[in-house]
Amino acid sequence: MLPTKTVKLQTGTPAPDFALRDAKGTVRTLGDFRGKNVIVYFYPEAATPGCTTEACDFRDSLSSLQGHGYQVVGISPDASEELAAFTGDFGLTFPLLSDEDHAVALAYGAWGEKLRDGEITEGIVRSTVVLDAEGKVTLTRYQIKAEGHVAELKSALGLA
């Protein structure tokens, strides 16, 4: 059962499982990544300036991250069709998953109130959760900025 209130994940705790459709409509689960370190990042909306900056930064750093044993997965409330367009338009080579009802974002602490254009709204809070090969949380970052995030993340993981 997924929580109804946002609770930020803590280091050392098991990450909530998920089953979400990717850009091709294939259901992907957290178990698909078992045995690998995984960077799960949450972003508000495909093809918007900040989200494109962040996705392209992950794309450009993917071989380095994979070389250090990390897989990357992006999650947003976009439909699979929108993710397919985003993936194709920007040559993204890692899975993007559709969390249309934002249940997974809520379970990972990446859904809540945020300030947007001077108004408080509810939605995806740009966040990243890093998991070890057993699916336990090793690092969390909430309320992050898109630009420079991947460099900061690599530094925090000792990869820079």
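This is a predicted model: local features need pLDDT of at least 70, side-chain atom pairs count only at pLDDT 80 or more; totals for chains, interfaces and linings use all residues.
Biologist: Which helices and strands make up the protein, and in what pattern along the sequence?

Modeller: There are 4 helices and 9 strands. In sequence order the pattern reads β-β-β-α-β-α-β-α-β-β-β-β-α. The radius of gyration is 14 Å, close to the 15 Å that the globule rule gives for 160 residues, so the protein is as compact as a globular protein of that length. The C-alpha trace spans about 40 × 35 × 30 Å along its principal axes.

Biologist: How should I read the sheet, and in what order do its strands stand?

Modeller: Strands of a sheet pair through backbone hydrogen bonds, either parallel or antiparallel. Here 7 strands form an open sheet with mixed pairing, in the order β2-β1-β5-β4-β3-β8-β9. Strands β2 (27–29) and β9 (137–142) stand at the edges with a single partner strand each, so one side of each has no neighbour in the sheet. From one strand to the next, the twist averages 30°.

Biologist: How many bridges join β1 to β5, and do these strands run parallel or antiparallel?

Modeller: Strand β1 (residues 19–22) and strand β5 (residues 96–98) run antiparallel and are joined by 2 bridges. In one of the pairs, D22 has L97 of β5 as its bridge partner.

Biologist: Which residues of α2 are buried?

Modeller: In helix α2 (residues 80–90), the buried residues are S80, L83, F86 and T87. They cover an arc of only 120° around the axis, which puts them on the same side of α2. The cover over these buried residues includes β1, α1, β4 and β5. On the face turned away from the buried side are the exposed residues E81, G88 and D89.

Biologist: What share of the contacts joins residues at least 24 apart?

Modeller: Among contacts between residues at least 6 apart in sequence, that share is 62%.

How values were computed:
Residues are numbered from 1 along each chain as its sequence is written. Side-chain values use heavy atoms; hydrogens and water are left out. Two strands pair if DSSP finds at least two bridges between them. Axes are lines fitted to C-alpha atoms, for helices over the stretch in contact, and angles run from 0 to 180 degrees between N-to-C directions. The radius of gyration is taken over C-alpha atoms; the globule rule is 2.2 Å times the number of residues to the power 0.38. Contact means heavy atoms within 4.5 Å. Buried means under 20% relative accessible area, exposed over 50%, partly exposed in between (1.4 Å probe, protein chains only). The arc is that of the directions from the helix axis to the C-beta atoms.
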